[in-house]
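Here are my notes for someone opening this one for the first time.

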Amino acid sequence: MAVSSVNGKSLGAGLAGRQQGFTYMSAMMLIVLMGTALAAVGQVWSTVGAREREVQLIWVGTQYAQALRSYYRSGTGVSQYPATLDELLEDHRFPSVQRHIRRLYPDPMTGSDDWGLTKSIDGRITGVYSLSAQTPLKTANFPPQWQEFEDMTSYADWRFVAEKAFLESSNNRPAGAPGSASAPPSNGPGVSLGTSLGTPLGGGSQ
């Protein structure tokens, strides 16, 4: 009887050990599956955030391009572009300060106030572009004035130049006609942009 009791305890201990091992493996598999699911969700949200920032970049870039064009067209005498982006916010060429853009927007892709600048021969600013070297998710279906952005390999290749900004409104109203700029895209995971000016920044076709 003593031997039987010992064997029973050994058998019970073995079964308990196997059950504990099975429970441990099940818990580990569950953790792995949960980690994989969370990683997939994170990737989805990362993609959603990147696409939202792309939308914001196009909107902000267009605002800068329109503001640069407005600055160029509104000058008296020899037309010229600004030497700094600050001049879009406060244009002192007139008796009363003129504003061509509501605020100086940050780069949605980097979150920085620093932009790449395209310049004319005399060193004045004719356009802006993101300093992000990341590869865009968007490769097609751009607004008409930015169709050349298709298949670009980095956000830095999206050059928002003033010469193209007026195309957006050239078919709708002549230069100087009253109107309102479009509202910014809704804020998502990207940078807060604010609202657009209440006066048109684009001009008519030349």
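1. Surface first: the chain has an accessible surface of about 11,900 Å², and 58% of that belongs to carbon and sulfur atoms. The areas come from the Shrake-Rupley method with a 1.4 Å probe, and for residues only the protein chains shown count as cover. Of the 206 residues, 34% count as buried, where buried means under 20% relative accessible area, exposed means over 50%, and partly exposed is in between (1.4 Å probe, protein chains only).

2. A word on what you are looking at. This is a predicted model, in which local features need pLDDT of at least 70 and side-chain atom pairs count only at pLDDT 80 or more, while totals for chains, interfaces and linings use all residues. Residues are numbered from 1 along each chain as its sequence is written, and side-chain values use heavy atoms, with hydrogens and water left out.

3. Now the layout. The chain has 4 helices and 3 strands, and from the N terminus on they run α-α-β-β-β-α-α. Helices (H or I, at least four residues) and strands (E, at least two) are DSSP runs, numbered from the N terminus. Among contacts with a separation of 6 or more, 56% are between residues 24 or more positions apart; contact here means heavy atoms within 4.5 Å.

4. The strands make an open sheet of 3 with the order S1-S2-S3 and antiparallel pairing. S1 and S3 stand at the edges with a single partner strand each, so one side of each has no neighbour in the sheet. Two strands pair if DSSP finds at least two bridges between them, and S1 and S2 have 4 bridges in the antiparallel sense. To find one of them in the viewer, look for leucine 117, whose bridge partner in S2 is valine 128.

5. How many aromatic pairs does the structure hold? There are 11, counting rings of Phe, Tyr and Trp (its six-membered ring) with centres within 6.5 Å; planes under 30 degrees apart are stacked, over 60 edge-to-face, and the rest tilted. Tryptophan 59 is in helix H1 (residues 2–74) and tyrosine 105 in the loop between helix H2 (86–89) and strand S1 (116–119), so the pair ties together parts 46 residues apart in sequence. Both tryptophan 59 and tyrosine 105 are buried.

6. A second pair worth a look is phenylalanine 142 with tryptophan 158: centres 5.1 Å apart and planes at 85 degrees, so edge-to-face. Both sit in the loop between strand S2 (125–129) and strand S3 (160–161), so this pair ties together parts 16 residues apart in sequence. Phenylalanine 142 is buried at 8% relative accessible area, and tryptophan 158 is buried at 0%. Phe142 and Trp158 also belong to one aromatic cluster with Trp146, Phe149, Tyr155 and Phe160.

7. Next, arginines over rings. A charge sits over a ring if NZ of Lys or CZ of Arg is within 6 Å of the ring centre and within 35 degrees of the ring normal. Arginine 93 lies over the face of tyrosine 71, at 3.6 Å from the ring centre. Arginine 159 has its charged end over the ring of tyrosine 129, 3.6 Å from its centre.

8. Arginine 93 turns up again in a salt bridge with aspartate 91, where the closest N and O atoms are 2.7 Å apart. The count is 1 salt bridge, defined as a side-chain nitrogen of Lys or Arg within 4 Å of a carboxyl oxygen of Asp or Glu. Aspartate 91 is buried at 1% relative accessible area, whereas arginine 93 is partly exposed at 28%.

9. Finally, the loop between S2 and S3 again. Methionine 152 is found there and is partly exposed, at 25% relative accessible area. Beyond residues up to four places away in sequence, methionine 152 touches Pro136, Asp157 and Trp158. Serine 154 has its place in that loop too, but counts as buried at 11%. Leaving aside neighbours within four places, serine 154 is in contact with Ser132, Ala133, Gln134, Thr135 and Pro136.
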